[in-house]
Amino acid sequence: MQLTVNGKNHDLDVEPEMPLLWVLRDELGILGPKYGCGAGLCGACTVHVDGSAVRSCSITAGEVRGNVTTIEGLGTPSNPHIVQQAWIDHQVAQCGYCQSGQMMTAAAFLSKTPEPSESQISDAMSGNLCRCGTYTRIHSAVKTAAQMTKGK
Amino acid sequence: MARLKTIARRTFLVGSAAVVGGVAFGYYSLRKEPPNPLLKGLKSGQAAITPYVRVDSEGVTLITPRADKGQGAYSIQAHLIAEELDVDPHKVRIDPGPPDTAYFNSRIMDDSLPFATIDEGVMARGARGGGEVLSRLLGMQITGGSSTVPDGYHKLRVAGAVARETLKEAAARRSGVPRSQLKTSDGRVILPDGKSVSYAELAAEAAQIAPITDVALRPEKEWRYIGKNMRRIDIVAKSTGTQRYGIDVRLDGMVYATVRTNPGMGGTIKRYDASNAEKMRGVKKIVPIKDGVGVIADNTWRAFHAAEAIKIEWNDPPYPADSAGMWKVLEGSFSKDQQDSRLRNDGDVEKAFAGASKSIEAEYRTPYLAHAPLEPMNAVVLYTKQRIDIWTGTQIPVFLRAHAAKLTQLPEEKVYVHAQPIGGSFGARLDDTYALQAIELAMAMEGVPVKMTWSREENMAHDYPRPIQLSRAKGSVRDGKVESMSIDIAGQSMGASWFNRLQAPVPPGPDTTSVNGIWDQPFSIPNYRVTGYRTKEMVPVSPWRSVGASGNGFHHASFLDELIYAAGADPMSELIRLCNHEPSKAVLHTLRDISDWKGVRLDDRRARGVALTLSFGVPMAQVVEISDTAQGIKIEKVFAVCDVGRILDPINFEAQVQGGIIWALGHAMNCELTYENFAPNQTNFHVFEAMRFRQVPEIIIKGLELGKEVRGLGEPPVPPAAPALANAIFALTGKRVRELPLNKSVKFA
């Protein structure tokens with residue numbers, strides 16, 4: 001099976017029903033996407049497939065049609081994506097375990113909705129759980145990222 | 001451990017006079033600094049000046065022994081050391097260090113003593129000293145009880161100062177310039193002529209010098225970090241997906257595993273049939289473990305998949321099979337022989353009730369609640385006959401080391417615990433069952449590293465939840481004032497359950513945890529009685545964020561609100577009138593002002609509730625404002641005021657208060673564990689949701705810095721939120737909700 005992740009092609013010998021999350025984490029060692037619930041309920045595993053936010057625990061490797069981008073492909077510590085920079089500036093993270101998924105959701109959302117309303121932000125981000133309760137800062141960071149995108 | 005058990009039982013009876021005698025008797029020897037664990041295993045050219053600072057030719061490493069579960073413990077510990085050491089916490093290495101008794105927590109016992117945390121009487125202070133000695137004896141390197149800051153505020157700065165002066169002494173000997181004429185800045189010692197030498201270059205010489213321990217701490221006006229907005233040391237990693245947690249540890253040749261144990265916790269396994277699982281792709285080994293069975297495979301998902309395919313028969317655990325049966329046990333436990341404590345008995349409640357013109361009775365219930373951190377429990381273990389290495393997140397590394405030694409029959413010095421950053425805990429990692437299971441699996445795979453991960457479903461069923469509590473409250477009012485309040489509360493002891501499981505001595509005496517948040521509240525009610533009843537152990541339980549007060553705040557502050565309404569008084573004014581603790585009173589006054597309090601009713605569709613709970617020494621009061629919408633009740637705003645003595649980092653202060661409130665309100669709205677056939681019905685987040693982004697209210701926070709004591713803040717925001725919300729619901733709807741979660745009684749938007 002072929003999979004393109006963060007611009008790199010991989011030849012894989014896995015059963016097609018293996019969830020993408022476990023291909024990324026255990027087969028490829030790409031550890032940014034996190035296992036939280038395994039059932040599409042928490043969003044910690046969120047990645048992009050051709051730019052759309054997808055729960056990698058709930059899509060099988062065989063179902064992936066397109067290029068996969070994980071948080072590692074979004075930006076890096078030395079060259080963060082606008083969303084990541086906003087997350088740094090607002091010091092959003094506490095434990096941080098859900099934040100890869102939060103940022104992937106936010107990045108996909110903002111790329112399609114560059115000038116979001118409050119209710120659009122709320123709808124977009126409500127599928128991602130944060131047990132530490134960083135939602136207030138996620139909200140501020142999403143708004144900052146939207147402004148930064150606009151100013152670019 | 002057995003020896004310590006005996007010592008603890010015989011000599012240091014926390015909560016009794018024996019502790020005070022014990023303190024006077026052997027205090028000095030027990031007060032001696034334990035040996036520095038970093039000196040073992042030190043390489044040539046490295047200096048470990050204190051247990052908290054290691055210097056070598058590469059630079060400085062700060063040792064931050066309190067676990068980081070997301071509350072920012074690594075960052076605040078590093079900043080406290082750096083405040084005196086003159087290094088940039090972002091430029092040095094941070095290491096949680098080895099498990100060691102030197103890292104004992106001097107403040108962990110504060111909240112389990114039968115003295116209110118704000119009690120400054122002689123007995124209370126004596127007992128707290130005894131708690132410190134007991135903690136030292138047991139080598140209680142533990143993270144919990146909002147104690148990282150109170151415990152480290154002084155000692156980590158001292159460690160930084162000792163290291164700084166010792167490095168200066170090394171530079172003094174090298175340069176011939178007296179130490180008093182040397183300065184330090186950004187990891188360097190500065191000579192009077194402006195030349196400088198880095199700490200790294202001084203490491204080898206500093207290692208030869210006895211640490212300079214006669215140090216003075218810097219005055220506040222010279223502080224660079226404390227009191228100012230800090231930048232978390234992990235913020236870039238956590239914002240770029242590069243932070244590594246225990247679940248991300250990868251070793252060469254590693255295999256992946258999971259377990260299934262009796263979903264009725266504490267029950268054993270009867271038999272299993274793994275014939276299907278054995279044949280599945282990637283499965284390497286099926287291993288029987290304590291109370292269950294493990295699967296070792298070449299991929300976590302394959303292990304999960306195979307574990308599901310095993311047919312298992314379980315033996316029933318020794319408690320009622322369902323929630324109804326469990327509540328029945330509590331209902332039947334309000335008897336003299338099950339009375340565990342009466343830590344408060346002011347005035348004469350019986351007399352007051354007999355003469356009362358109006359008395360009220362009510363029953364309150366709080367549910368079992370899972371900690372459910374988002375990172376499921378996991379551990380990576382590499383076992384050989386010579387040593388064992390364990391990579392995992394843990395709040396008590398010294399206990400894990402002892403348990404691992406016992407399980408493997410290896411001496412403790414051959415057990416290496418590599419503490420990992422934790423993806424949320426809320427108390428879950430006070431236990432180490434998951435790590436012991438990983439060890440059992442690794443012992444079956446000698447020489448091969450094994451990563452064991454719980455599925456979310458396994459995690460929900462084995463969470464060691466907060467226990468259910470049932471209270472029967474009675475009170476009376478007179479002349480528009482609250483005159484008497486008696487709360488009888490029954491539940492199983494979370495401390496006893498947890499300590500027994502950890503093979504640690506259960507502190508004798510009354511179980512204060514079960515009544516904290518009720519008996520120790522800062523109110524002068526003329527007749528005020530709090531009685532705790534201990535039921536037998538049912539589901540094994542453990543502390544949950546804010547521990548006893550987490551549920552008890554609801555029992556206490558809701559019933560107090562009922563009484564205030566019965567008196568016809570305004571809740572804010574009556575709380576202020578009843579309050580007998582100056583910092584708590586200041587908190588209430590500030591809350592009244594910032595919320596512009598004008599009563600519980602704002603208009604025909606908006607109302608407010610107020611509650612104050614003092615926990616971990618922090619008075620925390622909140623106003624919750626709600627509105628009635630077509631979709632249900634919406635939480636619009638929360639005003640929160642507290643006194644923590646001193647705010648070390650305003651940014652993290654705000655984050656902890658926001659997070660604690662969102663945590664508390666979310667669980668109060670819709671979370672509980674209910675049981676059927678011994679197992680919780682709630683298997684994943686669709687039925688244990690807490691708060692979602694769209695439900696988050698505006699949160700307005702004010703921190704006061706009044707107290708003499710510096711307090712921790714991870715937990716105090718939690719207890720008053722649920723009662724403030726329930727009190728607002730009463731103000732809005734006239735319906736008094738006496739059971740959590742609230743969505744059993746009202747609908748939320």
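Strand 3 (residues 59-63) and strand 4 of chain B run parallel and are joined by three bridges; strands are DSSP runs of E with at least two residues, numbered from the N terminus, and two strands pair if DSSP finds at least two bridges between them. Thr61(B) lies opposite Arg93(B) of strand 4 of chain B. Helix 3 (residues 73-85) of chain B packs on the sheet, where it touches strand 2 (53-56), strand 3 and strand 4 of chain B, and its direction makes about 125° with that of strand 3 of chain B. Residues are in contact if their C-beta atoms, placed from the backbone, lie within 7 Å. Helix 5 (residues 148-175) of chain B also packs on the sheet, touching strand 1 and strand 2 of chain B, at about 130° to the direction of strand 1 of chain B.

The open sheet has four strands in the order 1-2-3-4 (chain B), with mixed pairing.

## Basis of the model

The model is predicted: local features need pLDDT of at least 70, side-chain atom pairs count only at pLDDT 80 or more, and totals for chains, interfaces and linings use all residues. Residues are numbered from 1 along each chain as its sequence is written, while chains are lettered from A and ligands numbered from 1 in the order in which they are written.

## Helices 17 and 18

Helix 17 (residues 571-578) and helix 18 (residues 582-594) of chain B pack at an angle of about 160°, their axes 9 Å apart. Helices are DSSP runs of H or I with at least four residues; axes are lines fitted to C-alpha atoms, for helices over the stretch in contact, and angles run from 0 to 180 degrees between N-to-C directions. Helix 17 and helix 18 of chain B are therefore roughly antiparallel (an angle over 145 degrees).

Helix 17 of chain B contributes Met572(B), Leu575(B) and Ile576(B) to the contact, and helix 18 of chain B contributes Lys585(B), Leu588(B), His589(B) and Arg592(B).

## The five-stranded sheet of chain B

Another open sheet is built from five strands in the order 22-23-24-25-28 (chain B), again with mixed pairing. Strand 22 (601-603) and strand 28 (698-704) of chain B are the edge strands. Neighbouring strands are turned by 20° against each other on average, direction ignored.

Strand 22 of chain B runs antiparallel to strand 23 (residues 606-615) of chain B, and two bridges join them. Asp603(B) has Arg606(B) as its bridge partner in strand 23 of chain B.

Methods. Parallel < 35°, antiparallel > 145°, perpendicular 65-115°, else oblique. Contact = placed C-beta atoms within 7 Å.
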